[in-house]
Amino acid sequence: MFGTTLYAPGDVRYEELPEPAILKPTDAIIKLSATCVCGSDLWPYRGANTVTAPMHMGHEYCGVVLEVGGAVKTVKPGQFVVGSFVISDNTCPHCTHGFQSSCEQREFMTGAQAQYARVPLADGTLVATDEMPADDLIPSLLAASDVLGTGWYAADAARVQPGSTVVVVGDGAVGLMGVLAAKQMGAGRIIAMSRHKTRQDLALEYGATDIVAERGEAGIARIKQLTNRIGADSVLECVGTQESMQQALQVARPGSMVGYVGVPHGVTFDGQNLFFTQVGMLGGPAPVRRFLPHLMELVLTRKINPGKVFDLELPLAEVAEGYRAMDERRAIKTLLRV
């Protein structure tokens, strides 16, 4: 088969790789229908994460089950499935409390930018559709594997409530999914922070009521102005830098929550400042499996269209161009057809 390997920063290759095989009775092998490039893939691509050995890339996936191990009970060959980017058994204490991304058997999916993939702990990780979905729904179902589930978790962690005021920090794919999630949860006002016209337009389509193009202190001042100096009830931090985190904390009102899902790079906190903000925080890797059945139902009934976040579609063989386009901000998110 062919798949994607990152050899060094900027060096992504589409190359022949060994086909995956069942290694444990809890495994499944799937034929990918589509995969994509994630914003977090850009960290090693840009050299922000050290690359010490060739990396098989890709953790967002959907497709058709080809083979299952002897212990797998909930999915079977021929079914269309979507899986979380975090592998989980969905039965341990952390899973039953809704934090499958902290499963006692947790693994992180790899190697999904390929024609075929092995999915460990298939029963706890994969969710099957009742029938083969329409082709135009594939992008939205793929989004549920990570980016939609992560944006949804940001809104859930920030405790978005009907009628509340929400600020979304970050206009990448996750931030845009956070806007969509906040709208679905009934937020009355959604302020999206974005400086890019195409992303602003999609944020507005997904439910944003206000766009703030300023950043840093100017952005904080603008949001305080829009909220009568009070700040937001919920803030979704979807970037993971020091500037974005400080911005999130400073636009949140006392007693509010910040849901942070941007993988932190260089983020530090001043304990005394944090103490006096009186702002709650919850985040980390999204427990996508908790939300997956609901999100898939919203997609399958065409109540949401998260697939619009893929503004560049390429064949898997052109994966290197997909990385370049996202790195150069020519694309929000690249869909790879297999």
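**View 1. The buried residues of helix α6.** In α6, the buried residues are Ala173, Gly175, Leu176, Met177, Gly178, Val179, Leu180, Ala181 and Ala182. Keep in mind as you look around that this is a predicted model. Nine of the 12 residues of α6 are buried, so the helix is largely enclosed by the rest of the structure.

**View 2. The length of helix α6.** At 1.5 Å a residue, the 12 residues of α6 should span 16 Å. Just after the helix, look for Gly186, which takes a positive phi of about 95 degrees.

View 3. Gly175 sits in helix α6, which runs over residues 173-184. Is Gly175 buried or exposed? Its relative accessible area is 0%, and buried means under 20%, so Gly175 counts as buried. Leaving aside residues up to four places away in sequence, Gly175 touches Val168, Gly170 and Cys238. For a sense of scale, the C-alpha atom of Gly175 is 18 Å from that of Val267, a residue 92 places away along the chain.

**View 4. A salt bridge between Arg290 and Asp156.** The side chains of Arg290 and Asp156 meet in a salt bridge, with 3.1 Å from N to O. This pair links distant parts of the chain: Arg290 belongs to helix α11 (residues 288-300) and Asp156 to helix α5, 134 residues apart. Arg290 is partly exposed, with a relative accessible area of 30%, and Asp156 is partly exposed too, at 31%.

**View 5. A salt bridge between Glu205 and Lys308.** In this pair, the closest N and O atoms are 2.4 Å apart. Glu205 lies in helix α7, while Lys308 lies in the loop between α11 and β17 (312-315), so to speak a link across 103 residues of chain. Glu205 is partly exposed at 49% relative accessible area, and Lys308 is partly exposed at 40%.

View 6. How many salt bridges does a search of the whole structure find? The search finds 17. One of them joins Asp11 and Arg13, whose closest N and O atoms are 2.8 Å apart. Elsewhere, Glu321, Arg324, Glu328 and Arg330 are linked in a network of salt bridges.

How values were computed. Residues numbered from 1 in each chain as written. Predicted model: local features only at pLDDT ≥ 70, side-chain atom pairs only at ≥ 80, totals over all residues. Heavy atoms only, no water. Helix = DSSP H or I, 4+ residues; strand = E, 2+ residues; numbered from the N terminus. Buried < 20%, exposed > 50% of the residue type's maximum accessible area, 1.4 Å probe, protein only. Contact = heavy atoms within 4.5 Å. Expected span 1.5 Å × (residues − 1). Salt bridge = Lys/Arg side-chain N within 4 Å of Asp/Glu carboxyl O.
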